[in-house]
Amino acid sequence: MNQNEDNEFNGFPQVRLRRLRRTPAIRDLLQETRLSVKDLVCPVFVQEGINEPKEIELMPGIFRIPQKSIVKNVQELYDLGVKTFLIFGIPKLKNDRATSAYRKDGIVQESVKTIKNNFGEKIVIITDVCLCQYTSHGHCGIIKNNVADNDESLKVLDRVALSHAEAGTDFVAPSAMMDGQVKSIRKALDHNSFKNVGIIGYSAKLSSNLYTPFRDASHSTPEFGDRKSYQMPFQNTNEALHEIMMDVKEGADIIMIKPALPYLDLIYKTRQSTLLPVCAYSVSGEYSIVKAAALEGWVNEEEVIMEFTTSIKRAGADIIISYHTKKIAEILNND
Ligand code: PBG
Ligand code: ZN
């Protein structure tokens, strides 16, 4: 085709771009997608009963930390410009009722209070609302006759969400995948004067093989069965979109898709289908795969992290939860 010939794009005639000079400064000017530390959420694992940070075996570079290290940990990231944290708790005590998930002095509740006392409104806290770290059997809900009992689980999840709200969290993120969990938690929060606490719906949580390192880290591998009955088959995007629309109706403030990289199509479709902010959770397996290859020297870690994470944003994610957050923040700060 001739360089000056008119071309059509979306029905509009376009003059074809000539090939531009590409100095680094021109490349910067023309860059379409820009990652910012402000897009990023850093997951934090706080564990009861340990004294020193412990590296997670399947996630080199990521630590389970004691509550006393949390301020230092958050401060380090805050100094790099990271302001949002997703808190996971690993309790000492597990039982079939998941009672340590909603204790006033539970590990998440205490951690939220500590962070809020030290940082106030300078940072945003999201807490994961699920039972799998707290149940002796490792499932996300209350089990009756070997299956998750939806209504019993909702009651407990409401209590967990309320206890996090009381501790001062900004958002609760219910991840148990019980039917009606967003609606039920919204109602519980509203009735207890927590109208201003937001909900991030783990709306499309695919039944993925990429959660293994997380389950190892948080001691939440199911003792029997699996989570396929309450997580979405990864082959079904329409069903996932339907689930998302239900969460929007139930009152979610932010929609989450998880994992991220294998589901860029779903992130894209979701971004086109809702006006709510879309959050993508790049999960533990996505981290470990890159980390393992990098440790072997098979890929350039920093380049791959930036390419993968940028692709998640390019697909339409407004907010990205990533275990690479610290590294990305360091890279962006040096840019
Ligand atoms: C708990 C929960 C899981 C993750 C986040 N919340 C595990 C699971 O569903 O098995 C996975 C996060 C990750 O892999 O990084 N419901
Ligand atoms: Zn769970």
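Q: How do you know that the second largest cavity belongs among the cavities of 30 Å³ or more?
A: About 50 Å³ of space lies in the second largest cavity of this predicted model. The search of the whole structure looks for cavities of 30 Å³ or more and finds 3 of them. A value of about 50 Å³ meets that limit of 30 Å³.

Q: What makes this space a cavity and not a pocket?
A: The term cavity applies because a 1.4 Å probe fits there but cannot get out, whereas a pocket is open. The residues around the second largest cavity are Leu 261, Ser 282, Glu 286, Phe 308, Thr 309, Ile 312, Ile 320, Ser 322 and His 324.

Q: Which element gives the most to the lining of the second largest cavity?
A: That is α10, with 3 residues. Both α10 and β14 supply at least two residues of this lining.

Q: How do the residues of that lining divide into nonpolar, polar and charged?
A: There are 4 nonpolar, 4 polar and 1 charged. Leu, Phe and Ile count as nonpolar, and Glu counts as charged, which places Leu 261, Phe 308, Ile 312 and Ile 320 in the nonpolar class and Glu 286 in the charged one.

Q: Where else does α10 contribute, and how many residues does it give to the lining of the second largest pocket?
A: Helix α10 (301-315) gives the most to that lining, with 7 residues. The second largest pocket has a volume of about 450 Å³. Of its 14 lining residues, Gln 31, Met 306, Thr 310, Leu 332 and Asp 335 are the closest to its centre. By class, this lining has 4 nonpolar, 3 polar and 7 charged residues.

Q: What is the volume of the largest pocket, and what lines it?
A: Its volume is about 530 Å³. It is lined by 24 residues, and the closest to its centre are Gly 61, Ile 62, Phe 63, Asn 73 and Lys 326. Two or more residues each come from β3 (40-47), β5 (63-65), α2 (70-79), α9 (284-296) and α11 (325-334). The classes here are 11 nonpolar, 6 polar and 7 charged.

Q: Why is strand β12 called largely enclosed?
A: Because 5 of the 5 residues of β12 (residues 254-258) are buried, the strand is largely enclosed by the rest of the structure. Buried means under 20% relative accessible area.

Q: How do you know that both faces of β12 are covered?
A: Side chains in a regular strand alternate between the two faces of the sheet. In β12, Ile 254, Met 256 and Lys 258 are on one side, Ile 255 and Ile 257 are on the other, and all are buried.

Q: What makes β12 a partner of both β11 and β13?
A: Two strands pair if there are at least two bridges between them. Strand β11 (residues 198-205) and β12 have 4 bridges, and β12 and β13 (residues 278-282) have 3, so both reach the limit of two. Both pairings are in the parallel sense. Ala 204 stands opposite Ile 257, and Ile 255 stands opposite Val 278. With helix α8 (residues 264-273) between them in the naming, β12 and β13 make a right-handed β-α-β unit.

Q: How do you know that β14 pairs with β3 and with β13?
A: The count of bridges settles it: 2 join β3 to β14, and 4 join β13 to β14. At least two are needed, so both count as pairs. Ile 321 of β14 has Val 41 opposite, and Tyr 281 stands opposite Ile 321 as well.

Q: Why is the aromatic pair of Tyr 281 and Tyr 323 called tilted?
A: The planes of Tyr 281 and Tyr 323 are 40 degrees apart; tilted applies because stacked needs under 30 degrees and edge-to-face over 60. Their centres are 6.1 Å apart, within the 6.5 Å limit for a pair. Tyr 281 is in strand β13 and Tyr 323 in the loop between β14 (319-322) and α11, 42 residues apart.

Q: What makes the pair of Tyr 287 and Tyr 323 edge-to-face?
A: Here the angle is 70 degrees, with 6.2 Å centre to centre. Tyr 287 is in helix α9, 36 residues from Tyr 323. Tyr 287 and Tyr 323 are both buried. Phe 45, Phe 88, Tyr 202, Phe 214, Tyr 281, Tyr 287 and Tyr 323 form one aromatic cluster.

Methods: Residues numbered from 1 in each chain as written. Chains lettered and ligands numbered in written order. Predicted model: local features only at pLDDT ≥ 70, side-chain atom pairs only at ≥ 80, totals over all residues. Heavy atoms only, no water. Buried < 20%, exposed > 50% of the residue type's maximum accessible area, 1.4 Å probe, protein only. Right-handed = clockwise from strand over helix to strand, strands pointing away. 1 Å grid on protein atoms, 1.4 Å probe; cavity = no way out; pocket = protein on both sides within 12 Å on 5 of 7 lines; lining within 4 Å. Points joined across faces, edges and corners; volume = space filled by probe spheres on them. Phe/Tyr/Trp six-rings, centres within 6.5 Å; stacked < 30°, edge-to-face > 60°.
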